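Have a look at the model before reading on.

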Amino acid sequence: MLTQIIHYFQTDSSQYWLYVWQHIYLSLITLSIAMIIALPLGYIGSRIKTVAAFCTAFAQVLRIIPSLALLFLLIPFIGTGMLPALIALVILALPSLLINTILGFNEVSLLYEEVGTALGMDRRQLRRQVEIPLALPYILNGIKLALVEIIASATLATYIGAGGLGTLIFTGLGLYDMTYVVIGGVSVAILSLLSMIGFDFLIRRIQRYDRASYSI
């Protein structure tokens with residue numbers, strides 16, 4: 001199999017990198033849209049309990065929906081291609097972002113806000129200089145979990161013509177050729193692993209900065 005994998009990269013490397021680019025592009029666009037929706041809603045939820053309860057219940061419902069089922073449900077209404085894949089993946093990314101954003105802002109101690117208020121900070125300054133920096137590790141953890149789930153689930157988008165590394169996996173399954181399956185599967189795993197390592201490193205750096213800057 002190793003010989004076949006080497007031969008594939010020698011003959012079809014440009015096609016492979018096209019699949020990688022499609023996968024990364026779809027994942028990043030999905031994550032951006034999900035963050036635009038979830039982060040403000042999560043902040044509001046941390047301030048209003050009814051919104052938090054709704055977001056939590058909504059996130060729990062979304063978690064039980066299988067990725068493939070969601071994709072096929074959208075086909076009769078939107079058709080195939082990038083748009084239904086984006087919608088399905090955004091829906092799958094929302095739970096982690098919502099829950100971790102709410103948790104992050106709820107974990108900010110009132111003591112820090114009281115100190116900031118005593119120093120003359122208004123609500124906007126407190127949010128920018130105290131709440132967001134302290135909540136950021138939780139938010140980044142939610143982004144990490146969402147991105148890993150997006151990268152993994154984006155392989156299914158091949159079913160509806162959105163491209164990506166899933167093309168290799170399902171081509172291999174269709175041809176009973178494990179070479180394509182291994183290349184596609186390992187590539188997705190590497191992308192997920194790199195995302196986790198990168199975000200874990202960033203989270204640790206921010207936590208160290210928070211401990212140094214906000215120790216009371």
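## What the record says

Which residues does UniProt list for "transmembrane region"? The unreviewed entry gives 24-44, 51-75, 81-103, 134-160 and 180-203; the positions follow the numbering used here, feature names are shortened, and annotations may be inferred rather than shown by experiment.

A word on ground rules: this is a predicted model, where local features need pLDDT of at least 70, side-chain atom pairs count only at pLDDT 80 or more, and totals for chains, interfaces and linings use all residues. Residues are numbered from 1 along each chain as its sequence is written, and side-chain values use heavy atoms, with hydrogens and water left out.

## Overall layout

The protein chain has eight helices and zero strands (DSSP runs numbered from the N terminus: H or I of at least four residues for helices, E of at least two for strands). Its C-alpha trace spans about 70 × 40 × 20 Å along the principal axes. Of the 216 residues, 43% count as buried (under 20% relative accessible area with a 1.4 Å probe, protein chains only; exposed is over 50%, partly exposed in between).

Residues 180-203 are 100% helix, with end C-alpha atoms 35 Å apart. Residues 81-103 are 96% helix and 0% strand, and their end C-alpha atoms are also 35 Å apart.

## Helix 4

Helix 4 has 25 residues and runs 36 Å from first C-alpha to last, close to the 36 Å expected (1.5 Å times one less than the number of residues). There's a kink of about 35 degrees at L94, shortly before the proline P95; the bend is the angle between axes fitted to the seven residues ending there and the seven starting there.

Helix 4 is largely enclosed by the rest of the structure, because 18 of its 25 residues are buried.

## The largest pocket

The largest pocket holds about 150 Å³ of space. A pocket here is an open set of points on a 1 Å grid over the protein atoms alone, where a 1.4 Å probe fits, with protein on both sides within 12 Å along at least five of seven lines; lining residues have an atom within 4 Å of a point. Grid points are joined across faces, edges and corners, and the volume is the space filled by probe spheres set on them.

Its lining includes M35, Y43, F105 and R127. Helices 1 (2-47), 4 (82-106) and 6 (123-153) each give two or more residues, and helix 6 gives the most, with five.

## R124

R124 also sits in helix 6 and is exposed, with a relative accessible area of 60%. R124 and I24 are 100 residues apart in sequence and 35 Å apart in space, C-alpha to C-alpha.
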